[in-house]
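Please look at the strands in the model below, and follow how they line up beside one another.

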2 protein chains.
Amino acid sequence: MQTSSTQKPHVVIIGGGFGGLAAARQLRRANLRVTLVDRNNYHLFQPLLYQVATGGLSPSNIASPLRYILRKQANCEVLLAEVVDIDVDRQSVLFSDGQLDYDFLITAAGATHSYFGRDEWESNAPGLKTIEQALDIRRRIYSAFEAAERQSNPELRKALLTFVIVGGGPTGVELSGALAEIARHTLKHDFRHINPEDARIIIVEAAEHVLAHYPPDLCERAAEKIRSRGIEILTHTKVTEVTDEHVKLSGTDGETLLATHTVLWAAGVQANSLGKTIAGKCGVEVDRAGRVPVTQQLSVGSYENVFVIGDLANCPDASGKPLPGLAPVAIQQGEYVARLIEDKVSGRLSKKPFEYKDRGTMATIGRSAAVALVGTKKFCGFFAWTLWLAIHLFQILLFENRMLILIQWIWGYLTYHRSSRIITGGHQPALTKQSGTVPKAPVTANSPS
Amino acid sequence: MQTSSTQKPHVVIIGGGFGGLAAARQLRRANLRVTLVDRNNYHLFQPLLYQVATGGLSPSNIASPLRYILRKQANCEVLLAEVVDIDVDRQSVLFSDGQLDYDFLITAAGATHSYFGRDEWESNAPGLKTIEQALDIRRRIYSAFEAAERQSNPELRKALLTFVIVGGGPTGVELSGALAEIARHTLKHDFRHINPEDARIIIVEAAEHVLAHYPPDLCERAAEKIRSRGIEILTHTKVTEVTDEHVKLSGTDGETLLATHTVLWAAGVQANSLGKTIAGKCGVEVDRAGRVPVTQQLSVGSYENVFVIGDLANCPDASGKPLPGLAPVAIQQGEYVARLIEDKVSGRLSKKPFEYKDRGTMATIGRSAAVALVGTKKFCGFFAWTLWLAIHLFQILLFENRMLILIQWIWGYLTYHRSSRIITGGHQPALTKQSGTVPKAPVTANSPS
């Protein structure tokens, strides 16, 4: 260890997601000390989290240990800790049991779901941002089929086989596509008293289209493909109530009550509360989604050594609209800030503002279908899907995980089997909970079949 | 569906482990109805559970959905439920929300750990029987290194890097071997303030030898190999206290106190409480480990249609000693009972008693070393290890899982990396818990390095 290392400027990065990790790696040759702080010991590849939630992949296939990724970067250390406060004047990050002084701070703490002020819905409608949530969703999905198999009351059985996905953005569409495949193919031969194909899968979307960020004609083609898989799409529809037995929907035809035991939340984004902390300290105000408005150089207010990037930042594009919460945005911002800090430290003062290079966006609908928008080129179908697979596989950091994912994808494509469809985390909690809400019914195996 | 199916005799199997599953599969062509009841939706390949607990494999690699395994067996259905009672006179299995009548009952509910009457130790010394426990152990192991990295007090750091494994049977030896590999190789380059190689790994065994079921000379050779990996073995030593800060050991030299935050329990076996229920109903008494004494035909007392197999049964071998709780015993018993039931149903009365064919036993010590006993042939070393790998891989039920495990084994062998070393299940609970027991220390990243 170098004794002079304390003299080197210290860069603290909060968050080991796409933005934070890109910044840390970009600084690998810099004459600086870097500390990457995360409350998890891994970098999560969120674009494939829905595959964990639907049993197609194991959590560790898409979670790479941060220490392992950065083990050879001598100027960088990883700290597993949760930040509780930031003191921008004393230049210090505070934990419950210590503190860490910085010369430069990069905050990339990401975002979570927004329940639009109805946080009480969360227990019945989990979102999909963490591995724990993905496993919770997996447990709910497969437990619902199990409970339906045991349920002899047709009404209650129908409710157990009704899956409501709130939000028709990429996550909602991906979840519904995977659910359709589970019901129509994966579980086809598995049950004796229910037909999994009877499952209803419903996307509820407040806007006019699903995948509303894409051009309208592409949305329409995607919606057709989604419907062709037996998924119902309710647009112009809002959720007004969520319980463990139903959701209340408010659409163009008025209010309807839908009996369901499985509601998945894929709507609304709320920046990490650290955004509000930083904004307050720096004398700026967060936007409605809790994001911190940043300067053209991604710093906050008058604090030129405090940066906010990724989903936590409100960074306007050329037209003044905030950039979307996408991995490429976070990565480019992380790299930009890292270069800016290197310049500052070596006395090269750069005034170049951050500029996002949009190389295209894509979303998958399920087996053999995806939409992609590259410049003005639009794709919808098999080609877009193979492109999606290749790009996502390529972005997986560790070679081993790439191999494991590839095998599971190939095998899943050939057999429809999902390698990770186990119910874990306590003994069938969702099932117990659900049977608690229904009248005691005899075990169906006992009734004449 | 056949309307006559209710007329066919009904076999209920409790437990989808090695014994129960073997029975169900053996009955695949029988003119019977079969219901396999398990509280999990998967068959767990327990011999590799320690690899999940040490981050080498993902849970679903060794957990195969029971429905998927049995999907093509038309006479069999799977029920996800927890048995609460059994009525042997009315021939009925009871759940919290229903019941299931049987003509033949095969109970294969397995065993869990015994804390020798000190159940309060469990929270600080988890055992390794379920996926949830494996993930708990994984979290404790990797969190301990994380906490040590943040700990500046050398005494407390040492305690965090001390791992105590209670029990020197196969599970204890396997865990210690994997832990040694993690400390000496996997984490080698990952930390900046600790040297993971400083970790102390200690096996505590009450008997004279580790792997005491093997012949003494093989035990000795195994112990040498274990010690050569830097693992300490304390034989003739008992644990007399377990807290979240230390264990108290009582050995030939008297009592010693060992500061440690990670204690893993691999000692003692206690049969599932269903054993006691059945024994009571059938008028027999369980043994000290809670196992049900069975007849030569594996039935219980005078109830010729109630069978107990696997870890739950006390079935004497030719010398009168109970057969060990091994997968091959359970599998052979499951197949035997299934054939016996088929015979009874078709009117062929067989009086042949169950006889266990011992094809050999083996245990792995870690990378490139295992012990094996095949007949009178003894193996200890690399050959036994490759045999161990091949046999275990071959026994994995699903082809896909076999491929996934093989890749992770090869990759792990070449790189020492463990693909699944992520800390999941809440935010660093072990770390938080541990930091709660130590005085507030400054984050080490802040101290001069």
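In chain A, four strands, taken in the order β13-β12-β11-β17, form an open sheet of 4 strands with parallel pairing. Because β13 (231-234) and β17 (262-265) of chain A stand at the edges with a single partner strand each, one side of each is left without a neighbour in the sheet. From one strand to the next, the twist averages 20°. Strands here are DSSP runs of E of at least two residues, and helices are runs of H or I of at least four, numbered from the N terminus; two strands pair if DSSP finds at least two bridges between them.

This is a predicted model, in which local features need pLDDT of at least 70 and side-chain atom pairs count only at pLDDT 80 or more, while totals for chains, interfaces and linings use all residues. Residues are numbered from 1 along each chain as its sequence is written, and chains are lettered from A and ligands numbered from 1 in the order in which they are written.

In chain B, an open sheet of 3 strands has the order β14-β15-β16, with antiparallel pairing. Since β14 (238-242) and β16 (254-259) of chain B stand at its edges, each with a single partner strand, one side of each is left without a neighbour in the sheet.

| Strand pair | Sense | Bridges |
|---|---|---|
| β11(A) and β17(A) | parallel | 4 bridges |
| β11(B) and β17(B) | parallel | 4 bridges |
| β14(B) and β15(B) | antiparallel | 4 bridges |

Within these pairs, V166(A) has W265(A) as its bridge partner in β17(A), and V242(B) has V247(B) in β15(B).

Key:
Axes are lines fitted to C-alpha atoms, for helices over the stretch in contact, and angles run from 0 to 180 degrees between N-to-C directions.
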